Amino acid sequence: MKKLILLVTLSASTSYGIGLKEAIKGAIQNNPRTTAIDLRMQAMQDRKKAQYMDLLPSLHIGSSANFSQNQMAGGTSRSTSYGNNVGVSMNLYNGGADVESLRAAEERLKATDAEYNSSNSQIPNTRGRFASSVFESYISLVENYEQKNFVVDLKKKLEFLQKAHLNEEERETLNQRITDLETSMVNVDYGISEAQKDFTYFTTLPAPQALDLESFDQLRSGLVIPENAEKAFQIALEKSPDIQSMNHRLAAETHEREADKRKLFRPRVDLNASYNDNTSRGDSGPSVNSKGAYVGVSLTYTIGAGSVYRNRAGNKELEATRSERDATLADVQYSLNARYHALANQEKVQSLQQQNLQTADTRLATIFKKIEKGDKIEFKDMIAAVDTRSNYWQSNLQLKRNIIAARFNLQRTVGTLFDEITFQ
């Protein structure tokens with residue numbers, strides 16, 4: 001895996017626009033855990049290469065030196081010996097178990113890489129977890145700025161109502177409402193500051209200002225999803241990192257199972273060759289030097305009483321993993337159907353609520369025109385119109401947020417969340 005490099009150029013003196021995709025990219029590339037993940041992937045690559053190297057002949061070089069002293073009836077006997085040896089050993093055949101083990105290692109490497117690319121926010125140290133944190137802070141920023149604009153606009157509307165013919169009690173009630181909005185503004189400003197902190201923490205980028213953020217409508221249109229659950233599931237089968245990881249792990253287990261079977265039921269053939277040069281010397285005679293070479297092939301066939309049961313156990317474990325994979329795919333399909341159905345309902349409700357908001361805006365605009373003309377309007381009707389409009393606005397904003405979150409989560413499940421983000 002190539003090391004991820006930050007490509008975003010920042011300037012502390014100027015404001016800049018940053019969309020959700022750019023924020024996610026910055027977060028993933030700047031997160032210190034990315035370096036740790038990269039090193040772990042490199043370690044797995046090295047272990048896989050080590051398995052390949054283990055198939056080559058092994059060279060053994062050794063030296064030895066010995067000294068002995070024996071006490072005998074006629075005196076003391078001493079002897080020394082030393083020697084050097086060189087040997088080569090190599091497995092010629094083990095039923096193909098090594099090949100299957102190498103394939104299993106390759107599949108596990110692919111599974112780990114897919115898991116890192118997972119869009120599942122529940123798995124730590126994945127792009128999905130990083131993206132989820134950024135998403136929450138980003139839409140929180142947008143929502144709080146929307147709330148701030150709403151409070152400012154509502155205050156203006158209430159101040160405009162002061163032009164109407166009001167008695168002292170009605171004017172006092174209106175003034176109290178305007179004063180209460182100052183408290184609301186404090187809470188909104190606090191929410192903005194907290195969202196800014198979260199954004200900077202997760203992305204290590206300066207938090208954008210209101211005008212530099214995507215609006216809820218832009219976020220909604222930018223989170224493109226398949227048109228229905230059936231197409232979403234078909235795409236997920238191919239692109240979902242979670243499904244890819246599951247399939248690779250199943251493939252790895254299949255190769256490992258085959259390697260175990262070949263070790264159990266096929267013979268092992270090894271080649272050994274060595275050369276040695278030894279010299280020994282005793283008290284009673286000259287030095288003796290011996291040299292020799294050895295080449296041999298060994299055939300080993302291990303038969304154990306428990307082999308049959310170990311083989312059965314391995315087959316059952318593999319079948320269990322396959323069943324779990326199939327059950328998980330069924331869960332994904334069922335979940336997509338349910339979530340698409342819920343999203344369709346949310347979008348229908350939001351559309352109706354948007355119409356209600358427009359009606360409320362029209363009604364309030366009519367009241368404002370009458371106030372400008374100096375017409376007499378009941379105070380309770382003015383307040384009711386403002387409250388109705390406020391309720392519809394808040395409900396509409398929450399529905400938009402829920403729809404955006406649903407589309408974001410669907411992109412994660414399907415595996416298309418990072419399609420428009422290039423990591424280098």
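Select R177 first. R177 is partly exposed, with a relative accessible area of 28%. That label covers the range between buried (under 20% relative accessible area) and exposed (over 50%), using a 1.4 Å probe and protein chains only. You are looking at a predicted model, in which local features need pLDDT of at least 70, side-chain atom pairs count only at pLDDT 80 or more, and totals for chains, interfaces and linings use all residues. Residues are numbered from 1 along each chain as its sequence is written, and side-chain values use heavy atoms, with hydrogens and water left out.

A salt bridge is a side-chain nitrogen of Lys or Arg within 4 Å of a carboxyl oxygen of Asp or Glu. D387 sits in helix α10 (residues 379-414) and R177 in helix α5 (residues 168-203), so this pair links distant parts of the chain, 210 residues apart. Helices here are DSSP runs of H or I, at least four residues long, numbered from the N terminus. D387 counts as partly exposed, at 26% relative accessibility.

Stay on α10 and select R389. R389 forms a salt bridge with D361, and their closest N and O atoms are 2.7 Å apart. D361 lies in helix α9 (residues 307-373), so the pair ties together parts that are 28 residues apart in sequence. Which partner is buried, and which is partly exposed? R389 is buried, with a relative accessible area of 11%. D361 is partly exposed, at 29%.

Next, select E100 and R262. They form a salt bridge too, with the closest N and O atoms 3.7 Å apart. E100 is in helix α3 (residues 97-116) and R262 in helix α8 (residues 241-265), 162 residues apart. E100 counts as buried, at 5% relative accessibility. In total, the structure holds 20 salt bridges.

How far apart are its end C-alpha atoms? Colour its buried residues, among them L102, A105, L109 and Y116. The buried residues of α3 pack against α1 (20-30), α2 (32-53), α4 (127-161) and α8. Contact means heavy atoms within 4.5 Å.

Definitions and conventions. Helix = DSSP H or I, 4+ residues; strand = E, 2+ residues; numbered from the N terminus.
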